[in-house]
Amino acid sequence: EMNMKEKQEKNSQLEKEEVTFWGLFLAFARVGVMTFGGGYAMLPIMQRELVDKRGWVKDAELMDYFAIGQCTPGVIAVNTATFTGRKLKGAIGGIVATMGVVFPSLIIISIIAALIKNFAHIRAVQDALAGIRVCVCILIFNAVVKMWKNAVVDWITLIMFILILIASLFFDASPILMVVLAAIAGIIAKGRTDANKIKYGSDTKEQAVEDIEFTSDNREVKK
């Protein structure tokens, strides 16, 4: 818990780099050129370029953009780039970020498409692609661990995580449906927590009782 608080303080104290259209294009071009394996593999690269290195967005914001990008039409990586660019520099920023993230892929795929027929059968190329797939799995796993620490913060979010995991693994539920239901559950849980804070001054009634008992004990000690 202390490590999470220290990390959050570090992110909040991180000096924010000035956002320019050219800098936005270059940042997402770096993301595009260093990503292998699709949108989810892009998350750790985005975290390093946008959160850790430049301080343009926070981890929670980036996760929100990923969630929205998952349940909207289009490629998740492009959607996330568009949302992020739009937040940083308006509509033009969304266009610039989108162009930046797709530009390296456009160039690289064009070159590979012209050469793949000549090199795809080579054993060394096949082995290299197999190694890249392993690396992508590790990158995605690291991103999941990082997202877990920021998303699953109490017993309510833990229950949501378990239920969504079961729905995904055993029932092949639609990602859009899971995102929508998770959003509704989050609104309900957050509303209940806010109501308890207004009514009891704490997240729950039990916690309010504990706070009162703790305050009473401190007063007795002082006496």
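Me: Why is W148 called partly exposed?
Reply: The model is a predicted one. In it, W148 has a relative accessible area of 36%. Buried would need under 20% and exposed over 50%, so W148, at 36%, is partly exposed. F161, at 35%, is partly exposed on the same terms.

Me: How many aromatic pairs are there, and what makes W22 and F25 a stacked one?
Reply: The count comes to three aromatic pairs. The ring centres of W22 and F25 are 5.8 Å apart, and rings pair if their centres lie within 6.5 Å. The planes stand at 10 degrees, and under 30 degrees counts as stacked, so W22 and F25 are a stacked pair.

Me: Where do W22 and F25 lie, and is each of them buried or exposed?
Reply: Both belong to helix α2, three residues apart, which is about one turn of the helix. W22 has a relative accessible area of 58%, and the cut-off for exposed is over 50%, so W22 is exposed. F25, at 18%, falls under the 20% cut-off and therefore counts as buried.

Me: What makes W148 and F161 an edge-to-face pair?
Reply: Their ring centres are 4.7 Å apart and their planes are at 85 degrees. Planes over 60 degrees apart count as edge-to-face, so the W148 and F161 pair gets that label. W148 is in helix α6 and F161 in helix α7 (residues 155-170), so the pair ties together parts 13 residues apart in sequence.

Me: How do you know that E61 and K87 form a salt bridge?
Reply: The closest N and O atoms of E61 and K87 are 3.5 Å apart, and the cut-off is within 4 Å. E61 lies in helix α4 (residues 59-70) and K87 in helix α5 (residues 76-119), so this bridge ties together parts 26 residues apart in sequence. E61, at 24%, is partly exposed, as is K87, at 38%.

Me: Why are R54 and E49 both called buried, and what joins them?
Reply: The cut-off is under 20%; R54 has a relative accessible area of 8% and E49 has 0%, so both are buried. Their side chains meet in a salt bridge with an N to O distance of 2.5 Å. R30, R48, E49 and R54 are linked in a network of salt bridges.

Me: What makes R54 a charge sitting over a ring?
Reply: The charged end of R54 sits over the ring of W56, 5.5 Å from its centre, and the distance limit is within 6 Å. K89 sits over the ring of F21 in this way too, with its charged end 4.9 Å from the ring centre.

Me: Which residues have the most contacts inside the largest nonpolar core?
Reply: They are L24, F28, M46, L50 and W56, in a core of 25 residues. Two or more residues each come from α2 (21-33), α3 (39-53), α4 and α5. Helix α5 gives the most, with seven residues. Leaving out residues up to four places away in sequence, L50 touches several others, including F28, W56 and L62.

Technical notes: Residues are numbered from 1 along each chain as its sequence is written. This is a predicted model: local features need pLDDT of at least 70, side-chain atom pairs count only at pLDDT 80 or more; totals for chains, interfaces and linings use all residues. Side-chain values use heavy atoms; hydrogens and water are left out. Buried means under 20% relative accessible area, exposed over 50%, partly exposed in between (1.4 Å probe, protein chains only). Helices (H or I, at least four residues) and strands (E, at least two) are DSSP runs, numbered from the N terminus. A nonpolar core is a set of buried Ala, Val, Leu, Ile, Met, Phe, Trp, Tyr and Cys residues joined through side-chain atoms within 4.5 Å. Contact means heavy atoms within 4.5 Å. Rings of Phe, Tyr and Trp (its six-membered ring) pair if their centres lie within 6.5 Å; planes under 30 degrees apart count as stacked, over 60 as edge-to-face and the rest as tilted. A charge sits over a ring if NZ of Lys or CZ of Arg is within 6 Å of the ring centre and within 35 degrees of the ring normal.
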